[in-house]
Amino acid sequence: MRTTTIGDVKVLLPDLEPDDLDNTTNLADELTEALVEGAAWRGVRLDGVRIRSSLITGADLSDCTWEAGSLYGCEITRTDFSGATLTGIAIERCAITGSRFTGTRLTDVRLKDVLFDGCRFDYATFHRVTAAGSVAFTDCTLTNGAWSSCRLPRIALRSCDLAGLELDSCHLDGADLRGSRLHDLKTSLDNLRGVTLGEEQLPDLTRLTVAALNVTVRND
């Protein structure tokens, strides 16, 4: 078992050996113990597809539609999910690195023991995304996205760019936002209830508070 710790969040990760996996680019109803490199799956429709214990590198899943499937025990690197629609899928014990989710729509997605490292989620939308276990985002770009009705308590959002991210009716109690850029974050204060920040983030929090309370600040 492989683990990583981000702040106070301990994430269980897959421990895959490429030599033990079978090379394929065939995306069947279930993909198990597969080694996938450079697969061109742009625009595919995936209904109930389950991918388990697989290593995926450099795949193109942009503009795909994936419903009611799952990712379990997978490592995904430099893969493009731009413009994809992910609905009702479960992602568990996965490490997703250097991948692009620009404009991706995630709805009713369940996360458990998932690490997103160095990924782009600019203009992505999260709707009713839930964390059922440890979840961490590190060095990710989440600019100009929108999260609504998400339940993501105690997740880690470390060293991420959150500029222009809109939060609406989200539960982030206990989330660790230390090191993340909060400037231009678009949210009411309720969405930040119970989060952990670093001292250097207090000026951004002050600006959010002043805007939320419609406070007038005058120098004279």
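Residues are numbered from 1 along each chain as its sequence is written, and side-chain values use heavy atoms, with hydrogens and water left out. In this predicted model, local features need pLDDT of at least 70 and side-chain atom pairs count only at pLDDT 80 or more, while totals for chains, interfaces and linings use all residues.

**Exercise 1. Salt bridges**

Find how many salt bridges there are, and say where the partners R50 and E30 lie.

*Solution.* 

Step 1: Start with the idea. Side chains of opposite charge can pair when their charged atoms come close. The rule used here asks for a side-chain nitrogen of Lys or Arg within 4 Å of a carboxyl oxygen of Asp or Glu.

Step 2: Count. The rule gives twelve salt bridges.

Step 3: Look at one pair. R50 and E30 form a salt bridge, with N to O at 2.9 Å. R50 belongs to strand 7 (residues 50–52) and E30 to strand 4, so this pair ties together parts that are 20 residues apart in sequence. Strands here are DSSP runs (E, at least two residues) and helices are too (H or I, at least four), numbered from the N terminus.

Step 4: Check the surroundings. For accessibility, buried means under 20% relative accessible area, exposed means over 50%, and partly exposed is in between (1.4 Å probe, protein chains only). R50 is partly exposed at 43%, and E30 is partly exposed at 37%.

**Exercise 2. Pairs between loops**

Work out which loops are linked by the pair R42 and D63, and then by the pair D108 and R128.

*Solution.* 

Step 1: Take R42 and D63, whose side chains meet in a salt bridge of 2.9 Å, N to O. This pair links distant parts of the chain, 21 residues apart: R42 sits in the loop between strand 5 and strand 6 (45–47), and D63 in the loop between strand 8 (55–57) and strand 9 (65–67). R42 counts as exposed at 54% relative accessibility, whereas D63 is partly exposed at 38%.

Step 2: Move to D108 and R128, whose closest N and O atoms are 2.7 Å apart in a salt bridge. D108 is in the loop between strand 14 (105–107) and strand 15, and R128 is in the loop between strand 16 and strand 17 (130–131), so the pair ties together parts that are 20 residues apart in sequence. D108 is partly exposed at 34%, and R128 is partly exposed at 38%.

Step 3: R45, D47 and E67 are linked by salt bridges into a network.

**Exercise 3. Patches on the surface**

Name the residues of the nonpolar patch and those of the negative patch.

*Solution.* 

Step 1: Learn the rule. A patch takes residues with over 30% relative accessible area and no salt bridge; like charges are joined within 9 Å, and nonpolar side chains (Val, Leu, Ile, Met, Phe, Trp, Tyr) within 5 Å. Accessible areas come from the Shrake-Rupley method with a 1.4 Å probe, and for residues only the protein chains shown count as cover.

Step 2: Find the nonpolar patch. L213, V215 and V217 make a surface patch of about 290 Å². V217 lies in the segment after helix 1 (202–212) and is exposed, at 61% relative accessible area.

Step 3: Find the negative patch. D15, E17, D19, D20, D22 and E33 gather on the surface in a patch of negative charge. Asp and Glu count as negative and Lys and Arg as positive, with His and the chain ends not counted. Each charge is placed at NZ of Lys, CZ of Arg, CG of Asp or CD of Glu. E33 lies in the loop between strand 4 (30–32) and strand 5 (34–37) and is partly exposed at 44%.

**Exercise 4. Buried or exposed?**

Decide whether N191 is buried or exposed, and do likewise for Y123.

*Solution.* 

Step 1: N191 lies in the loop between strand 22 (186–187) and helix 1. N191 counts as buried because its relative accessibility is 4%. A polar atom of the N191 side chain lies 3.1 Å from the backbone oxygen of L167.

Step 2: Y123 lies in the loop between strand 15 (110–117) and strand 16 (125–127). Y123 counts as exposed, at 52% relative accessibility. Its phi is near 65°, a positive value in a residue other than glycine.

Technical notes
Polar contact = N/O pair within 3.5 Å; in protein donor to acceptor, adjacent residues only side chain to side chain.
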